[in-house]
2 protein chains.
Amino acid sequence: MKIGIIGLGTVGEGVLKVLVKEKESIFEKSRAKVEVKYACDLNINRDFSFDFDKSILIDDYKKVIADPEIKIVVELIGGETLAKTIITEAFRAKKSVVTANKALIAKHGVELFQIAKENGVSFLFEAAVGGGIPIVTPLMESLVANTITEIRGIMNGTSNYILTKMKNENLSFDEALKIASEKGYAEADPTYDVDGIDAGHKINILASLAYGGSIKFKDMQLKGIRDISTIDIFAANQLDSTIKLIASSKLFSETSAQISVEPTVVSNNRILSKVDDVYNAIETIGSYTDKTLFYGKGAGMNPTASAVVADIVKIVTRNHIESDYFFNSTKVFEIVDSNTIKSSYYIRVSDDFDIEKSPFEVEDKIENYYIILAENISKNEIDEIIKDAKEKLVLKILK
Amino acid sequence: MKIGIIGLGTVGEGVLKVLVKEKESIFEKSRAKVEVKYACDLNINRDFSFDFDKSILIDDYKKVIADPEIKIVVELIGGETLAKTIITEAFRAKKSVVTANKALIAKHGVELFQIAKENGVSFLFEAAVGGGIPIVTPLMESLVANTITEIRGIMNGTSNYILTKMKNENLSFDEALKIASEKGYAEADPTYDVDGIDAGHKINILASLAYGGSIKFKDMQLKGIRDISTIDIFAANQLDSTIKLIASSKLFSETSAQISVEPTVVSNNRILSKVDDVYNAIETIGSYTDKTLFYGKGAGMNPTASAVVADIVKIVTRNHIESDYFFNSTKVFEIVDSNTIKSSYYIRVSDDFDIEKSPFEVEDKIENYYIILAENISKNEIDEIIKDAKEKLVLKILK
């Protein structure tokens, strides 16, 4: 089957490399014959790290869409404008699409799946969540018998790297971010990673898959790791816990779920607390399987390319993958306001807070802060009690 | 598609339950229509924990094989004699087979896959390894781009439960085995579980899948947990490590691999050290993905049924799954003798051993034993050095 890759950035180059180098072994394992007819990028006059037939390089994506021989378009340019146009045009030209574009799926998944369906083609995106970790296919296929009641995990490698550095080397957020930038793990503008937006895209996608409905991205509650201080890291350690940026979704009713991204105090008894550096891990609670967990590298050229190639092989070997159930436009999931749900919380307040008059007890005093553990209370209730404190931070606890 | 379940023990009853209760939701998610036409067992006049149309119950499996409407036979009687006959007859009657029978696949996989291939039908076995954990499909399909260089994991829930009890409650092997038996986690004859045979079946299957060859089960080196004492558990803890029964396979050359099951001193930095009770976890090192890990419940009615049902849905939605590459009879993998490979070892010898005359240093002395850590040495070399000691135990270390 002939395919065209559009976008030769890190992931695109990785996909081309894997398809060139592993052509024989992929055929041997899967009987899939994958031929890259076009590799398209605006900048094609550059060096590549491996050898291939340079005649496949083109700089006009429309040539890929217009070629009836091309059955699969691999969209790897990222972004939400041109990428959306390319994918839509590919579907209309009766081509299946493989992408790693999580922002696009989280925001426009319903619309794009609808167009794919109208044109009888497939739309796959294993690489959009968890990089090289097989999670989308296992969730959609291997766990098909289960109602997935909970999904939670560490889905952003950059923020996990920063939190790991903060803990292991006693660094501030800014210091750890600087190292992440120097190592190439953080973008010039790290907002997507450290403010929970990227993890938000991913949990949106997984929840949509698990529940077979659509979840409005803009209604989601996203909180990043900028406010985490070395005091919180230290205090969590005293509690035999580790602070992790956790993206989670919990089924509430047949039509509602509690979906959020927030830094969380995770008990060291949990495997999630041991997921360090740029690794990701996603756990699901299924009605029959109970807990399953998937762990691996959440980003990078090679792991992400591995996932994109698996999707390409899937389309080649199966022709069409039905995706009716997923990103269903008629079944819209309501997001329950997490702040109204009673839970266990870690609270850090500056010591101007009049703790004697509050219902709380001090767990620890670190520098000028009280550390408080509160049970069976909602975030809104806590916020009301501590509203007059000069400084405050409230984190959910995962025991 | 009409199917017949043969064997209504724990797993068989679970599969029937899931297919009856989740019929609608499975169809909604996958478009697979699965109809159980026969549920076959020698003992059908008994109570079941859920309602279903009892007219499907039969006690003669030959009726399932003889019915041309049946496209899938689900073999869940276990054992190696009748099960092999049933599967062979099913293939010859042009029916695909789903099974959880790890012993049968590990020992007769090559022969059975050959018969399946000759008859153009599928042979799936997700439930044979890791119970409810999706591992076979991810390994065969999601990681298709990768050369899998290493596989290791905790693949037997019973022995892991015993080791967890020994550590957490300071029990001897016999005491912990007794509790496992009382809880129903260990069979009357626990040999398969505690002597590494069950884990051996599983790593044999995973290695065959990963390398696309066949591995002779009888050539494998299997060592169980009977010799582990509370002293070893304590000594491992002092080394910030945990003893786990690790099944592993490491690619050595294009035609050879180091495959074994053995109790191993696993560093507490590793996630595998945190896998407790009846949970299983399997990690793979792929050429592109690097490390991925899959964790979940390795046994039990519901998790295992979830995996069997996923395989049934896979056949219904895809018709035929090519399995040419796997359990290839023409590509036989040679097993490298682990005892000749230099590694890091934990050694416990009784104090009659003349340590002064040996090349070893004492790491710790517990009761009448020396604890020794040895680097860059083979098991055979160690055995030669400590051959005169009255009592000895040598365990591999996984840092």
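In the predicted model, E13(B) and R46(B) form a salt bridge through their side chains, with an N to O distance of 3.0 Å. E13(B) belongs to helix α1 (residues 10-21) of chain B, whereas R46(B) is placed in the loop between β2 (35-40) and β3 (57-58) of chain B, so the contact ties together parts of the chain that are 33 residues apart in sequence. The two partners were assigned to separate accessibility classes: E13(B) has a relative accessible area of 9% and is buried, while R46(B), at 24%, is partly exposed. Salt bridges with shared partners also join residues of both chains, namely E141(A), K314(A), R318(A), E141(B), K314(B) and R318(B), into one network.

Over all chains, the structure contains 59 salt bridges. One of them pairs K37(A) with E69(A), at 2.6 Å from N to O. This pair links distant parts of chain A, 32 residues apart: K37(A) lies in strand β2 (residues 35-40), and E69(A) in the loop between α3 (61-66) and β4 (70-75). K37(A) is partly exposed, with a relative accessibility of 24%. E69(A) is also partly exposed, at 37%.

A further salt bridge in chain A connects D198(A) and K202(A), whose closest N and O atoms are 2.7 Å apart. Both residues are part of helix α10 (residues 197-211); because they are four residues apart there, about one helical turn separates them. D198(A) and K202(A) are both buried, each having under 20% relative accessible area.

Terms used: Residues numbered from 1 in each chain as written. Chains lettered and ligands numbered in written order. Predicted model: local features only at pLDDT ≥ 70, side-chain atom pairs only at ≥ 80, totals over all residues. Heavy atoms only, no water. Salt bridge = Lys/Arg side-chain N within 4 Å of Asp/Glu carboxyl O. Helix = DSSP H or I, 4+ residues; strand = E, 2+ residues; numbered from the N terminus. Buried < 20%, exposed > 50% of the residue type's maximum accessible area, 1.4 Å probe, protein only.
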